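Have the sequence and the model open side by side. This report goes from single residues to the whole chain and back.

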Amino acid sequence: MQPSSSITVRVPAKVNVQLAVGGRRADGFHGVSSVFFAVGLYDLVTVTPADRLRITVAGADAEQVPADATNLAAKAALLLAARHGIEPKAHLHIDKGIPVAGGMAGGSADGAAALVGCDALWGTGADRAVLLELAAELGSDVPFSLLGGVALGEGRGERLTPVPTGGGFHWVFAVADGGLSTPAVYGECDRLRDLTTGSSDADVPVPAADPALLEALRTGDAGALGATLRNDLQAAALSLRPSLADTLRAGTEAGAIGALVSGSGPTCAFVAKDAAAADALAAALTASGTCRSARVAEGPVPGAVVV
Ligand SMILES: C[C@@](CO)(OP(=O)(O)O)[C@H](O)COP(=O)(O)OP(=O)(O)OC[C@H]1O[C@@H](n2ccc(N)nc2=O)[C@H](O)[C@@H]1O
Ligand SMILES: Nc1ncnc2c1ncn2[C@@H]1O[C@H](COP(=O)(O)OP(=O)(O)O)[C@@H](O)[C@H]1O
């Protein structure tokens, strides 16, 4: 394939409609049963030929995103180039639409988008299985950003099985001021478990997917989905950021049919019964003063795709 001048990849955010967290593993990760759900808030990653690897970032909170080799998109480009024994010559421009450090896998999204974009730019022709394997090396959530839709993530979240869904769902996301660190939230989860059980690992049940939640997804039943949302990191996120309780309450009082912290937070996610209810809920959340902004999104949507 001839290298083209510029390739743009669109990649969605995620919310975990279930995040069941097991005990710490020997490698420091936690076993999870994570039902990932891709929603229509997007980053755009544009890959252009260059004489070396360059990263630029624009969009909301761009100044909080590293424009160096620690950026997950840069790591993805370096990994793919090393795999094929080529120089990582590309300019990766990231346009952030996904809240930064918000529990919506924005960095993972950019890692997945960079894999897809660089593979297309360099004509390396990696097949899906190879991209998924490289994605898992980059981070637990990166494979899902490639796949999109709805999927059950096991292991540390990287082993994916698609989950069938019976239609679209309407979401509102309350974006907070400032982020939360994912390792800090897992650490707080362990600390809280230590306090209550004396051991954070021994008595923690092996996480498993909730059949009622899978059925709600399969039938497209928003009310049943709202009733079965679960996030084992929520108590830890609330412990580190108590004001999130006000956000969750504001959304519930404004008519949300389900509410939870998205992943490690601090973004709060709300299920609405239809598009009009989602708009009304977003307006009420904005007026409540309990979040920086409220954004409406539908899902599920596909993973990283060249546009
Ligand atoms: C919590 C979740 C929920 O989907 O995402 P966010 O809400 O932050 O986006 C994920 O588990 C985050 O996945 P990701 O952000 O890819 O994490 P990684 O880079 O693999 O790991 C970062 C750190 O998080 C902790 N970690 C991550 C995954 C996991 N199953 N157990 C863990 O304990 C570890 O401390 C690890 O060093
Ligand atoms: N491309 C990227 N976009 C956003 N953050 C990134 C990126 N690459 C590295 N990071 C770092 O990862 C941290 C977590 O960001 P992000 O992936 O948005 O949040 P979360 O892990 O909560 O979903 C950020 O604070 C930032 O320092």
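Two residues are in contact if their C-beta atoms, placed from the backbone, lie within 7 Å. By that rule Ala282 touches Val172, Ala294, Arg295 and Val296, not counting residues up to four places away in sequence. This is a predicted model: local features need pLDDT of at least 70, side-chain atom pairs count only at pLDDT 80 or more, and totals for chains, interfaces and linings use all residues. Residues are numbered from 1 along each chain as its sequence is written, while chains are lettered from A and ligands numbered from 1 in the order in which they are written.

Ala282 sits in helix 10 (residues 275–288). Helices (H or I, at least four residues) and strands (E, at least two) are DSSP runs, numbered from the N terminus. A residue is buried if 20 or more other C-beta atoms lie within 10 Å of its own, exposed if 12 or fewer, and partly exposed in between; C-beta atoms are placed from the backbone. Ala282 is buried, because 24 other C-beta atoms lie within 10 Å. From Ala282 to Thr219 is 63 residues in sequence and 25 Å in space, C-alpha to C-alpha.

**Whole chain**

The chain has ten helices and twelve strands. Its radius of gyration (over C-alpha atoms) is 19 Å, close to the 19 Å that the globule rule gives for 307 residues, so the chain is as compact as a globular protein of that length. That rule is 2.2 Å times the number of residues to the power 0.38. The C-alpha trace spans about 55 × 45 × 35 Å along its principal axes. Buried residues make up 50% of the 307. Of the contacts between residues at least 6 apart in sequence, 74% join residues at least 24 apart.

Helix 2 covers residues 106–122. Its expected span is 1.5 Å times one less than its number of residues. For 17 residues that gives 24 Å, and the end C-alpha atoms are 24 Å apart, which agrees. Of the 17 residues, 16 are buried, so helix 2 is largely enclosed by the rest of the structure. Gly123 follows, with a positive phi near 65°.

Which helix gives the largest share of the shell around ligand 2? Helix 2 does, with four residues. A residue is near a molecule or strand if its C-beta atom, placed from the backbone, lies within 6 Å of it. There are 19 residues around ligand 2, and Leu72, Ala101, Gly106, Gly107 and Asp110 come nearest.

The UniProt "binding site" (unreviewed entry) includes Ala101 and Gly102. Ala101 lies in the loop between strand 4 (90–96) and helix 2. Ala101 is buried, with 20 other C-beta atoms within 10 Å. Gly102 is in the loop between strand 4 and helix 2. Gly102 is buried too, with 24 such atoms within 10 Å.

**A hairpin**

Strand 9 and strand 10 form a hairpin with six residues between them. Two strands pair if DSSP finds at least two bridges between them. Here four bridges join the antiparallel strands. Gly258 stands opposite Val271 in strand 10.

Conventions: UniProt positions are given in the numbering used here, feature names are shortened, and annotations may be inferred rather than shown by experiment.
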